[in-house]
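The exercises below are meant to be worked with the sequence and the structure side by side. Please try each task before reading its solution.

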Number of protein chains: 2
Amino acid sequence: MKIAIISGAPNAWLDLEHIKASFVIGVDRGALTLVEHGICPDIAIGDFDSVTESEFAKIKDSALELVQLPSEKDETDTEVALNVAMTKEATDVRIYGSLGGRIDHSLANIRLLLQFAKKGLPITLVDERNHLMVLASGQHEINHPGLPYISFFALESTVTNLTLNRLKYPLTNYELTQDDIRCISNETTESSFFVSFDSGYLLMIFSRD
Amino acid sequence: MKIAIISGAPNAWLDLEHIKASFVIGVDRGALTLVEHGICPDIAIGDFDSVTESEFAKIKDSALELVQLPSEKDETDTEVALNVAMTKEATDVRIYGSLGGRIDHSLANIRLLLQFAKKGLPITLVDERNHLMVLASGQHEINHPGLPYISFFALESTVTNLTLNRLKYPLTNYELTQDDIRCISNETTESSFFVSFDSGYLLMIFSRD
């Protein structure tokens with residue numbers, strides 16, 4: 001199942017065609033964004049303190065299911081949405097509106113990618129210029145989404161024996177430490193390429209200027 | 001010595017008063033930004049392939065010193081600028097124009113903060129909405145820059161025995177792992193607060209919506 005989660009970052013870029021073909025979860029103000037685009041969220045989740053009463057009424061009228069959370073809580077609204085995604089048979093989870101606002105929010109969302117990569121949930125953070133995902137160790141053939149630059153960062157520990165094939169700057173058995181920025185701005189002319197590594201978690205970012 | 005480094009992210013926000021009181025390093029297109037604000041860089045560093053010939057001529061005319069780097073190189077231009085800062089007696093290094101462009105560039109700059117925190121160089125990434133810095137283990141009294149939210153993330157390993165005082169949500173002897181997002185959006189009404197921890201590196205982010 002394709003799942004699209006729409007978070008509340010301001011001026012979120014949306015791929016409406018992809019969203020319409022997905023099970024759609026609107027998170028807090030993100031649910032309002034959906035309603036304003038004429039899309040009824042399958043689920044609206046949040047404490048909804050970022051919307052006015054009349055905006056909340058719109059969400060309530062449009063959402064097929066409403067999950068109202070308390071204001072003071074341990075989990076973020078996006079975390080709750082991802083836990084819902086875990087209960088579905090999700091093969092592809094995209095989060096819109098999670099980048100481009102406060103940088104601490106963007107970093108928290110990247111850490112959520114890491115948390116859920118450990119649980120086997122494949123998530124992509126998407127905006128107009130960036131696609132971010134976290135890979136677990138193993139061999140991966142990656143389909144290129146058409147953004148020119150490809151960057152890699154080690155998360156949580158060193159990524160060992162990193163090998164990159166069919167990229168402009170190939171790499172063999174590289175040890176990518178967490179403060180190493182040598183793997184940024186790679187490029188490819190192929191529609192897919194290969195990434196493999198033995199241990200650690202790899203943040204992969206496609207981007208354009 | 002105060003050092004201000006101006007990187008090349010588009011529409012960089014600048015604190016001109018702070019920059020004028022600092023030793024100023026313009027990195028690539030950031031050197032042009034300075035010239036356009038009527039500030040002569042003390043040093044201009046870069047491969048300058050992001051500027052036109054006539055823009056490069058302007059930089060060359062204005063900069064007190066010019067360091068022209070090759071296009072294909074192992075270090076990023078910002079890294080070279082920070083190595084220059086290491087050779088000065090820097091007590092306060094601020095980097096402008098390093099956030100808000102491509103997210104892989106922002107993340108690379110956060111990893112540079114980590115690299116240079118290990119070398120004892122105190123760096124802050126600054127834009128209009130965010131101040132980012134990395135703290136090494138120990139006790140710190142932090143002067144609040146006046147942005148309402150304060151978030152903390154562990155970098156490279158677990159931050160052990162994290163204690164926060166004089167913040168809205170104080171914390172005692174907390175183990176902050178690298179995928180933990182519990183320490184975001186703290187607040188304070190004080191002009192300073194206390195942070196201490198025993199091991200690891202702590203990314204501290206001040207921000208506003």
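**Exercise 1.** Find which residues of helix 3 of chain A are buried, and work out how they are arranged around the helix.

*Solution.* Helix 3 of chain A covers residues 53–62, and its buried residues (buried means under 20% relative accessible area, exposed over 50%, partly exposed in between, with a 1.4 Å probe and protein chains only) are A:E55, A:F56, A:I59 and A:S62. Seen down the axis of helix 3 of chain A, these buried residues fall within an arc of 130° (taken from the directions from the helix axis to the C-beta atoms), so they line one face of the helix. On the other side of this helix, A:E53, A:S54, A:K60 and A:D61 are exposed.

The model is predicted, with local features needing pLDDT of at least 70 and side-chain atom pairs pLDDT 80 or more, while totals for chains, interfaces and linings use all residues. Residues are numbered from 1 along each chain as its sequence is written, chains are lettered from A in the order in which they are written, and side-chain values use heavy atoms, without hydrogens and water.

**Exercise 2.** Determine where the two partners of the salt bridge between B:R182 and A:E79 lie.

*Solution.* The two side chains meet at 3.4 Å, N to O, in a salt bridge (a side-chain nitrogen of Lys or Arg within 4 Å of a carboxyl oxygen of Asp or Glu). The pair crosses between chains, from the loop between strand 9 and strand 10 of chain B, which holds B:R182, to helix 4 of chain A, which holds A:E79. B:R182 is partly exposed at 38% relative accessible area, whereas A:E79 is buried at 5%.

Note on methods:
Helices (H or I, at least four residues) and strands (E, at least two) are DSSP runs, numbered from the N terminus.
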